[in-house]
6 protein chains.
Amino acid sequence: MITLTRRYEFPASHRLYSKQLSDADNDRIYGKCNNPYGHGHNYVVDVSVRGPVDARTGLAVNLAELDRYVRERVVEPFGHRNLNEDVDDFNALVPTTENLGVVVERRLREAWPWSEPRLEKIRIAETDRNIFEIVSHETERQ
Amino acid sequence: MITLTRRYEFPASHRLYSKQLSDADNDRIYGKCNNPYGHGHNYVVDVSVRGPVDARTGLAVNLAELDRYVRERVVEPFGHRNLNEDVDDFNALVPTTENLGVVVERRLREAWPWSEPRLEKIRIAETDRNIFEIVSHETERQ
Amino acid sequence: MITLTRRYEFPASHRLYSKQLSDADNDRIYGKCNNPYGHGHNYVVDVSVRGPVDARTGLAVNLAELDRYVRERVVEPFGHRNLNEDVDDFNALVPTTENLGVVVERRLREAWPWSEPRLEKIRIAETDRNIFEIVSHETERQ
Amino acid sequence: MITLTRRYEFPASHRLYSKQLSDADNDRIYGKCNNPYGHGHNYVVDVSVRGPVDARTGLAVNLAELDRYVRERVVEPFGHRNLNEDVDDFNALVPTTENLGVVVERRLREAWPWSEPRLEKIRIAETDRNIFEIVSHETERQ
Amino acid sequence: MITLTRRYEFPASHRLYSKQLSDADNDRIYGKCNNPYGHGHNYVVDVSVRGPVDARTGLAVNLAELDRYVRERVVEPFGHRNLNEDVDDFNALVPTTENLGVVVERRLREAWPWSEPRLEKIRIAETDRNIFEIVSHETERQ
Amino acid sequence: MITLTRRYEFPASHRLYSKQLSDADNDRIYGKCNNPYGHGHNYVVDVSVRGPVDARTGLAVNLAELDRYVRERVVEPFGHRNLNEDVDDFNALVPTTENLGVVVERRLREAWPWSEPRLEKIRIAETDRNIFEIVSHETERQ
């Protein structure tokens, strides 16, 4: 068994603002991240998959297929987008990087087309100094 | 004479869209970067200054003062902002990273408070793979 | 559940020398790291915390509070210090990076002020090529 | 207990080609990586070991001995080599980075000369964007 | 005037061996890099171009066109190749990274399709610790 | 003509304190860097040399010789040292990184054993965010 981690990147913008909170609370909790027109990041997403090495090919994953899947599920819908305005997942969800990570993991997991390798975890970096990791539910259940 | 390069970072968002161009041209030239609600980056700005080493202190620059100056002139007005909506410099200027670099260099140069060290150049990275460098006018004039 | 890793850095110096060992053994075991006046490193500490994402705010941690806590417990007492001479934790403990990591993890864990997120692990890098990881006791007990 | 990760690097070349597959299948599966004369990478191997910190020395591992062992078992036989032509391990095994990682882990584990620390895992990066991790069998058995 | 640096990467293999030298001299000069079947690297090429910022578009270069040109002239012919066996430029030239850089700069310069921006320099990294820079002839002539 | 940059690293400690300044001034100017027992850094030194590519060997420099020279002149005398206490160059010179860079450049230049390549410049990084560059006198004289 082997774990392969593949790196993807996309730029996006967000505004941290919760409709469930008062303006004063939004300011207090999110500070400058609550600026009305938003700001942005180069998000770095590391997708880790786990499975056996195929004895004939020596491969654990078909990288071209994995790339196509991650681009379709994550990079295309989120990249070069304003997460608040352009992405339905954040209609009722504040697009913190915590929530962005949760959504990325769920989008990858729910339509995962392979029995092997399976999705192990995703990591998403907002900056070099702030990194979030979500272990895939199936992994945790073991 | 020594050159000191100091690194600053700020997140911001932008939309590449020129009022001087037709919608079709905006689409053709800027592609996804023209998405209406914008997207963002972690901009990395390297400020290079050049001057003599003070014989008594062994320093070429007062870092606390340089940091205060760069924060006041660049990081505060641009960080956590939408460059198109929040920054007057981009009222009539497309906020490409080329133009952002030109504006950052000019803002630093115009109010530069020291005779030594002088501003040598700035570098601004949109991503690890796209880096822009503007040599300061005074440097070039030599 | 999500894991957030936040990066901190501080410069410090140390000398590897054990009072329990003969001079010959100190030389043999620690080599150049036993030079009497010490040497130093830019230590990089990654603090990982684990907890749920708050449904209202979309946050797993209050970063301003976490930063204040880590600065008070680790960066202030250790940064810009000689670990052997300035830090009581190393009165009877050789300040290897192994021991520095153990002390950093314990200092963070013992006064940890939150029930959630909890401290998961710390990583400390002496250089890019030498990295130490200490899983928090509470994590291991699970 | 502490985990120490130590980084090693070596350049090598490989051709992805399986004698068990038809030429058409080799082309389809490996694409440009099947070019007859091969291509190469700077492989980065992170070796993680796990053990207690020695109370007297404050060390978890004798780095000089670990370096000697990893160089002898991995860096010398694989570095500056063509994996297909020069390394017996790949006589009947396609030298994908998956298989290279499996072989590196096995070579380190089989002759591991210490009871403590024990080998925990190895990570091998083909590029910054493709990283493989093999947890050591003994670790998994726990 | 602005300088834009764009990063490209490709893996390739090479053997350092000169037909003009005796076997003993090849061994003495190139050491392990003279292993008969070669070894490889992930080469990183930074292409720097220099020109004015277009007042209407705010761009200094059409990145899609630059990428197409660099891929066609450098990444396609050299990537996933054995430089000694697959690339005619090295029929009579030892494929050291010095010579690889010289060849990359010349291939980009000779067919350079734009009057602005012009090619300023290229940098090529064999590893993080060995980096070569070739200033473009036209730049030096100024 | 080609420029080769080779990277070296060494850990050292320093205290910023000038005998020519009052204690109050030392505190005001150097702050925490004036802590009596010092602190340290992983210094990264990039040595750039410039020369022609040898037509027969394809090399611009004999790396083994360059490494031996830089180790003897810089890495051995400064690495794992307290710059204030162990290095004579800093008897009357505050070991700021500015001065360390000036001393490193001078030590390399004064005994430079080759007519080609010649020393072009050195860069020294105290941290990723503070980088100093000294162009070699001979280069500037041109």
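Modeller: One term first: contact means heavy atoms within 4.5 Å. By that rule, no contact joins chain B and chain C. Their closest C-alpha atoms lie 15 Å apart. Keep in mind that this is a predicted model.

Colleague: How far apart are the nearest C-alpha atoms of chain A and chain E?
Modeller: They are 15 Å apart, and those two chains do not touch.

Colleague: Now chain B and chain A. How many residues are in contact?
Modeller: 19 residues of chain B are in contact with 19 residues of chain A.

Colleague: And how much area do the two bury between them?
Modeller: About 1700 Å², with 49% of it on carbon and sulfur atoms.

Colleague: Which residues in chain B lose the most area to chain A?
Modeller: B:Tyr37, B:Asn42 and B:His80. Together they make up 35% of what that side buries.

Colleague: Which elements of chain B each supply at least two residues there?
Modeller: Strands S1 (2–14), S2 (39–51), S3 (81–82) and S4 (118–127), plus helix H3 (83–86). S2(B) gives the most, with 4 residues.

Colleague: How do the residues on that side divide: nonpolar, polar, charged?
Modeller: On the side of chain B that touches chain A, 4 are nonpolar, 10 polar and 5 charged.

Colleague: What is the count of salt bridges between chain B and chain A?
Modeller: The count is 0.

Colleague: And how many residue pairs are in polar contact?
Modeller: 14 between chain B and chain A, counting pairs with both residues at pLDDT 80 or more.

Key: Residues are numbered from 1 along each chain as its sequence is written. Chains are lettered from A and ligands numbered from 1 in the order in which they are written. This is a predicted model: local features need pLDDT of at least 70, side-chain atom pairs count only at pLDDT 80 or more; totals for chains, interfaces and linings use all residues. Side-chain values use heavy atoms; hydrogens and water are left out. Buried area is the accessible area (1.4 Å probe) that two parts lose on being put together, summed over both. A salt bridge is a side-chain nitrogen of Lys or Arg within 4 Å of a carboxyl oxygen of Asp or Glu. A polar contact is a pair of N or O atoms within 3.5 Å; within protein, one must be able to donate a hydrogen and the other to accept it, and residues adjacent in sequence count only if both atoms are side-chain atoms. Ala, Val, Leu, Ile, Met, Phe, Trp, Tyr, Cys and Pro count as nonpolar, Asp, Glu, Lys and Arg as charged, and the others, Gly among them, as polar.
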